[in-house]
Amino acid sequence: MGLSISLRTLPMKQPTKQTSNLGFRSGLERKVATHLESNKIPIRYEEDVLLYTIPKQDKSYCPDFKLPDDSYLEVKGWLKLSDRQKMIHVKRSNPDIKIRFVFSNPENKIYAGSKTTYGNWADYNGFEWSWSNNIPDHWLHPISVNEKGECIDTTKQDREGTSPP
């Protein structure tokens, strides 16, 4: 697994013997430049940019709850930046899978000082959401349509079709 590297040349900075005028980012860079200069090496500081590609990273995610219609509930009290980023990647990678959020408080801001709430973030990114104390019944008991166009409750059929242990 190698990195893809290509070289792009930028306009060259003029070499100079006054290393203090080159705008080094650290004292160590300045020290190395002084060493190069004392060895009669032209100082060519940050004149090129190397482009690289980070290889694709495969990640995994385990949703909190799977519902009878094969959709998922992700339960969040705290929606960290890393979780928001992950869920956007999960949705993009699995566009046919429905993931819904259950928030302890969807009115919490995504970070201090933000105007965006958890609910706003979910809406903007195409996720359905609910309060933890008010999960919609149709999420838990989805209705399906049979070949005749009749509405049927698939979860009720599954419950009635199994006998208790």
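**Lys76 stands opposite Phe103 in strand E5.** The coordinates are a predicted model, in which local features require pLDDT of at least 70 and side-chain atom pairs count only at pLDDT 80 or more, while totals for chains, interfaces and linings use all residues. Residues are numbered from 1 along each chain as its sequence is written, and side-chain values use heavy atoms, with hydrogens and water left out. Strand E4 (residues 72-76) and strand E5 (residues 99-103) run parallel and are joined by five bridges. From E4 the chain crosses through helix H2 (residues 81-93) to E5, and this β-α-β crossover is right-handed. Helices (H or I, at least four residues) and strands (E, at least two) are DSSP runs, numbered from the N terminus. Two strands are taken as paired if DSSP finds at least two bridges between them. A crossover is called right-handed if, with the strands pointing away from the viewer, the path from the first strand over the helix to the second runs clockwise.

**Strand E5 is largely enclosed by the rest of the structure, because five of its five residues are buried.** Buried denotes under 20% relative accessible area, exposed over 50%, and partly exposed the range in between (1.4 Å probe, protein chains only). Ile99, Phe101 and Phe103 point one way from E5, whereas Arg100 and Val102 point the other way. In a regular strand the side chains alternate between the two faces of the sheet.

**Strands E5 and E6 run parallel and are joined by four bridges.** Val102 stands opposite Ser130 in E6, and the bridge partner of Arg100 in E6 is Glu128. Together with helix H3 (residues 118-124), E5 and E6 make a right-handed β-α-β unit.

**Four strands form an open sheet of mixed pairing, in the order E3-E4-E5-E6.** Strands E3 and E6 (128-131) stand at the edges with a single partner strand each, so one side of each is left without a neighbour in the sheet. Within this sheet, E3 (residues 65-66) and E4 pair in the antiparallel sense over two bridges. Lys66 has Tyr72 in E4 as its bridge partner.

**Asp70 takes a positive phi near 70° in the hairpin of E3 and E4, which has five residues between the strands.** Asp70 is found in the loop between E3 and E4, and the positive phi occurs here in a residue other than glycine. With a relative accessibility of 48%, Asp70 counts as partly exposed.

**Asp96 is found in the loop between H2 and E5.** Its relative accessible area is 77%, and Asp96 is therefore exposed. Asp96 and Ser71 are separated by 25 residues in sequence and by 9.7 Å in space, C-alpha to C-alpha.

**Leu28, Val32, Leu36 and Ile41 make a nonpolar surface patch of about 340 Å².** Patches are made of residues with over 30% relative accessible area and no salt bridge; like charges are joined within 9 Å, and nonpolar side chains (Val, Leu, Ile, Met, Phe, Trp, Tyr) within 5 Å. A salt bridge is a side-chain nitrogen of Lys or Arg within 4 Å of a carboxyl oxygen of Asp or Glu. Leu28 lies in helix H1 (residues 27-38) and is exposed, with a relative accessible area of 60%.

**Lys40 has a positive phi of about 60° although it is not a glycine.** The residue is found in the loop between H1 and strand E2 (48-53). Lys40 counts as exposed, at 76% relative accessibility.

**The protein as a whole contains five helices and eight strands.** Along the sequence, the elements follow the pattern β-α-β-β-β-α-β-α-β-α-β-β-α. Of the 165 residues in the protein, 24% are buried. The accessible surface comes to about 12600 Å², of which 53% belongs to carbon and sulfur atoms. Accessible areas come from the Shrake-Rupley method with a 1.4 Å probe, and for residues only the protein chains shown count as cover. Among contacts (heavy atoms within 4.5 Å) between residues at least 6 apart in sequence, 53% join residues at least 24 apart.
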